Amino acid sequence: MAPGPSLDDVDDVTLQDLATPLISSTSEHRPLLIPFNPKDIPCYVKPLPPNLGPVELAYLKERGGFSIPEDSFRDGLIQVYIEYVYPHLPCLDLNALVTGIDNTTGSISLIVLHAVMFAGLAFVGMCHISSAGFSTRKATQTRFFEKVRLLYEFDCEPDRVALVQALLLMTLHSHPLHEQKDMWYWTGRAISEAYSCGLHRAANPSDMTAQEAALRKKLWWCVFVRDRLVALGMRRGMQVTVAYDAPMLTRDDFDSFLLSLGLADGSFARDMEKQRRLSTIFIATAKLCIA
């Protein structure tokens with residue numbers, strides 16, 4: 001029997017070459033994957049990184065990674081996130097989130113936006129979920145969580161701070177008992193990314209603005225608190241083990257704000273005294289997690 005061709009006889013074939021038929025349209029066959037168009041993502045979302053090729057982009061589009069709900073559903077999810085999730089896990093700059101929706105310069109991270117909407121699904125009314133075409137809250141949460149997971153696993157966000165924010169919100173997902181990538185796993189990923197961008201270290205005032213330093217400080221303590229609460233709830237080991245010198249939060253790290261836009265209709269966004277009380281509670285929670 002004649003020997004088969006060796007690897008040296010085979011021309012180099014790239015992933016793009018192999019997948020081109022999947023994203024190419026012909027007159028006889030409907031394409032399996034529809035090519036990505038930059039207009040597939042809203043103008044207020046940051047551009048995607050250049051490391052994503054046509055195949056990855058087409059696949060993410062097919063899986064709904066770039067699909068944003070109708071404005072009414074999106075806004076409803078953001079409203080309940082601000083009211084019920086943010087006060088207990090203040091890992092975002094709310095003003096940047098709310099004002100960014102009306103911004104056309106592309107300032108919002110796609111993975112963070114999806115993570116915020118996923119987190120809001122636990123509290124939004126079923127009327128909103130039904131109007132969006134979903135039958136159950138659980139199915140909707142799973143669908144939205146998968147979007148965040150895909151964007152993370154395809155390296156769609158180069159900003160590590162944004163990754164920590166999204167991963168923290170992913171830890172709110174309730175996984176089946178047999179699932180290996182459970183909330184303890186995602187907490188570990190958030191901790192790893194936090195270490196990578198130095199959130200566990202005291203910020204140098206000369207390297208960033210006071211607002212940026214306060215956000216990084218809050219984000220680290222969100223990671224720390226979430227690590228302790230997840231470990232306690234799942235009876236697993238704590239994962240923050242590396243020494244840290246990030247100072248404890250103070251009231252000055254929490255800006256009081258009055259969000260008057262339609263995205264912030266809840267009492268938290270309009271009640272500065274409530275903001276003060278809830279930030280004090282979060283600081284006390286962080287201190288308890290150290291003890």
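Is aspartate 155 buried or exposed? Select it and take a look; this is a predicted model. At 52% relative accessibility, aspartate 155 counts as exposed, because the cut-off for that word is over 50%. You'll find aspartate 155 in the loop between helix 7 (137-153) and helix 8 (160-170). Check its backbone too: phi of aspartate 155 is near 55°, a positive value in a residue that isn't glycine.

Next, jump to arginine 235, in the loop between helix 10 (210-234) and helix 11. Arginine 235 is exposed as well, with a relative accessible area of 80%. Its phi is positive, about 55°, and arginine 235 is not a glycine either.

Now select helix 4, residues 94-101. Color its buried residues: Leu94, Leu97, Val98, Gly100 and Ile101. Why do they sit on the same side of helix 4? They cover an arc of only 165° around the axis, so they share one side. Here's the general idea: an α-helix has 3.6 residues a turn, so residues three or four places apart point the same way.

What covers those buried residues? Show helix 3 (71-85), helix 5 (110-120) and helix 11 (267-270), which are among the parts that do.

Stay at the start of helix 4 and zoom in on aspartate 93. One of its side-chain oxygens reaches to within 3.2 Å of the backbone nitrogen of asparagine 95.

Last stop: select residues 108-129, which an unreviewed UniProt entry annotates as "transmembrane region". In this model, the span is 68% helix and 0% strand.

How values were computed: Residues are numbered from 1 along each chain as its sequence is written. This is a predicted model: local features need pLDDT of at least 70, side-chain atom pairs count only at pLDDT 80 or more; totals for chains, interfaces and linings use all residues. Side-chain values use heavy atoms; hydrogens and water are left out. Buried means under 20% relative accessible area, exposed over 50%, partly exposed in between (1.4 Å probe, protein chains only). Helices (H or I, at least four residues) and strands (E, at least two) are DSSP runs, numbered from the N terminus. The arc is that of the directions from the helix axis to the C-beta atoms. Contact means heavy atoms within 4.5 Å. A polar contact is a pair of N or O atoms within 3.5 Å; within protein, one must be able to donate a hydrogen and the other to accept it, and residues adjacent in sequence count only if both atoms are side-chain atoms. UniProt positions are given in the numbering used here, feature names are shortened, and annotations may be inferred rather than shown by experiment.
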